[in-house]
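Hello,

Here is the structure I said I would pass on. Please look through it first, then read the notes below.

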Amino acid sequence: MGEWFSEFGAALPDALRAAYQFADPYDLGRGWVGLAVMVLWVGPLMILPLWLAKLTYGKREWVSATMGVMAGSSFLWWLHGVIPHAWIQFTESNENILSGTIIPASAGIDVSEEYRLDLASNLYGVITEGVVGAMMIIGIVLTCWLALRVQKSLPKTLAPGETKPEAGGYK
């Protein structure tokens, strides 16, 4: 384990270089394109619809609701799809750089100089898959919490002149 800590700092520049190249799959020297795509996605498809939803709230409800759903859908797409997929692709394509240096490859106890008791022979796979599982659980909890917060702060009201129908089914 102490060996892993010493290699972590030495391998960090290689891991950052790999992240830069991950955003530039055609190796054109433009690793910033991945970040630019993310910024362009967040601006027009998350922030602008949220701003329009707030601007039209109480005036044009269908526009406000549509823009809110568009912003929320874009956010959920990134939270549940793009980020976990990028993590999986990055860790699988750069296992030779990350395994054993940034992410421990295995865990065990050295019983003697000749014998090592392996506790986890594929700790790299366990950690990378565990990160995806944690992202999914955090994403689901965040989605539920955010939905409840939005429902509490923006309660559904009746339009002016609209009457609430009576419950009771067929009469």
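**Surface patch and aromatic rings**

On the surface, Tyr57, Trp145, Leu146, Val150 and Leu154 make up a nonpolar patch, and together they have about 470 Å² of accessible area. Keep in mind that this is a predicted model.

Now to the rings. A pair of aromatic rings is described by the distance of the centres and the angle of the planes. Searching the whole structure gives three aromatic pairs. In one of them, Trp41 and Trp77 are edge-to-face, at 5.1 Å centre to centre with 85° between the planes. Trp41 belongs to helix H2 (residues 32–56) and Trp77 to helix H3 (residues 61–93), so this pair ties together parts that are 36 residues apart in sequence. Trp41 is partly exposed, at 23% relative accessible area, while Trp77 is exposed, at 51%.

Trp41 also pairs with Trp78: the ring centres are 6.1 Å apart and the planes are at 65°, so this pair is edge-to-face. Trp41 is in helix H2 and Trp78 in helix H3, so the pair ties together parts that are 37 residues apart in sequence. Is Trp78 buried or exposed? Trp78 counts as buried, because its relative accessibility is 14% and the cut-off for buried is under 20%.

Taken together, Trp41, Trp77 and Trp78 form one aromatic cluster.

Regards

How values were computed. Residues numbered from 1 in each chain as written. Predicted model: local features only at pLDDT ≥ 70, side-chain atom pairs only at ≥ 80, totals over all residues. Heavy atoms only, no water. Patch = residues over 30% accessible without salt bridge, like charges linked within 9 Å, V, L, I, M, F, W, Y side chains within 5 Å. Areas by Shrake-Rupley, 256 points an atom, 1.4 Å probe, with all protein chains shown as cover. Salt bridge = Lys/Arg side-chain N within 4 Å of Asp/Glu carboxyl O. Phe/Tyr/Trp six-rings, centres within 6.5 Å; stacked < 30°, edge-to-face > 60°. Helix = DSSP H or I, 4+ residues; strand = E, 2+ residues; numbered from the N terminus. Buried < 20%, exposed > 50% of the residue type's maximum accessible area, 1.4 Å probe, protein only.
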